[in-house]
Amino acid sequence: MFTKTKRGGRTPSPTCFNCFIMYTVSKTQEGHIPFLVEGMKKLLKMHVALDGYYKVPEDGFLEDMLKKDTISFVALKDGRPVGFARGRCVIDPPDKIESFVILNDMFVEEEHRGKGVGTLLLEAFGEKAKEEGAKKIELHVDVRNEIGLKAWEASGFEIHQYRMKKDIT
């Protein structure tokens with residue numbers, strides 16, 4: 001079982017000037033699924049606001065999260081989930097040179113953003129990807145998601161290709 005701990009930002013406590021928030025990342029367990037489902041709904045609502053192409057389904061998340069090729073980690077603070085990263089392995093793809101993993105979704109509760117939680121999740125995801133034989137992590141980010149673009153570029157991701165669409169209705 002993968003577990004990693006990181007000290008986040010300082011706590012806003014007037015009695016403890018040198019206290020740090022501790023985060024732990026571990027593989028997603030069955031008990032974390034409700035948090036992932038709620039996080040996915042929040043992510044999809046954000047995507048709907050950026051692009052009407054997306055819709056927020058009422059269900060269907062659970063089935064996708066339990067697929068055999070899914071890689072999923074949760075970030076915990078005091079044993080409570082505050083973020084997650086999930087994706088899937090694509091080992092020996094027929095149309096690509098190198099095996100890779102797709103980081104489908106990453107979510108961190110708003111009050112825990114900017115404290116290293118996303119970095120910790122990405123590190124765990126990357127280590128698991130290497131274990132699976134992947135050489136790269138791929139992801140998609142909407143061009144209007146300026147916060148996401150900046151965060152991914154700061155994490156070492158580079159724009160690799162453009163995906164385009166045309167409305168024909």
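A salt bridge is a side-chain nitrogen of Lys or Arg within 4 Å of a carboxyl oxygen of Asp or Glu. The model discussed here is predicted.

Q: What makes the pair Lys128 and Glu132 a salt bridge?
A: The N to O distance between their side chains is 3.0 Å. The cut-off is within 4 Å, so the pair counts as a salt bridge.

Q: How do you know that Lys128 and Glu131 also meet in a salt bridge?
A: Their N to O distance is 3.8 Å, and the limit is 4 Å, so this pair qualifies. Salt bridges with shared partners join Lys128, Glu131 and Glu132 into one network.

Q: Why is Lys128 called buried?
A: Its relative accessible area is 19%. Buried means under 20%, so Lys128 counts as buried. Lys128 touches Ile71 and Phe73, leaving aside residues up to four places away in sequence.

Q: Why is Glu131 called exposed?
A: Glu131 has 60% relative accessibility. Exposed means over 50%, so the label applies to Glu131.

Q: Why does Glu132 count as partly exposed?
A: Glu132 is at 34% relative accessibility. That value lies between the 20% and 50% cut-offs, so Glu132 is partly exposed.

Q: What makes Glu38 and Lys41 a salt bridge?
A: Their closest N and O atoms are 3.7 Å apart. The limit is 4 Å, so they form a salt bridge. Both residues lie in helix α1 (residues 33-50), three residues apart.

How values were computed:
Residues are numbered from 1 along each chain as its sequence is written. This is a predicted model: local features need pLDDT of at least 70, side-chain atom pairs count only at pLDDT 80 or more; totals for chains, interfaces and linings use all residues. Side-chain values use heavy atoms; hydrogens and water are left out. Buried means under 20% relative accessible area, exposed over 50%, partly exposed in between (1.4 Å probe, protein chains only). Contact means heavy atoms within 4.5 Å. Helices (H or I, at least four residues) and strands (E, at least two) are DSSP runs, numbered from the N terminus.
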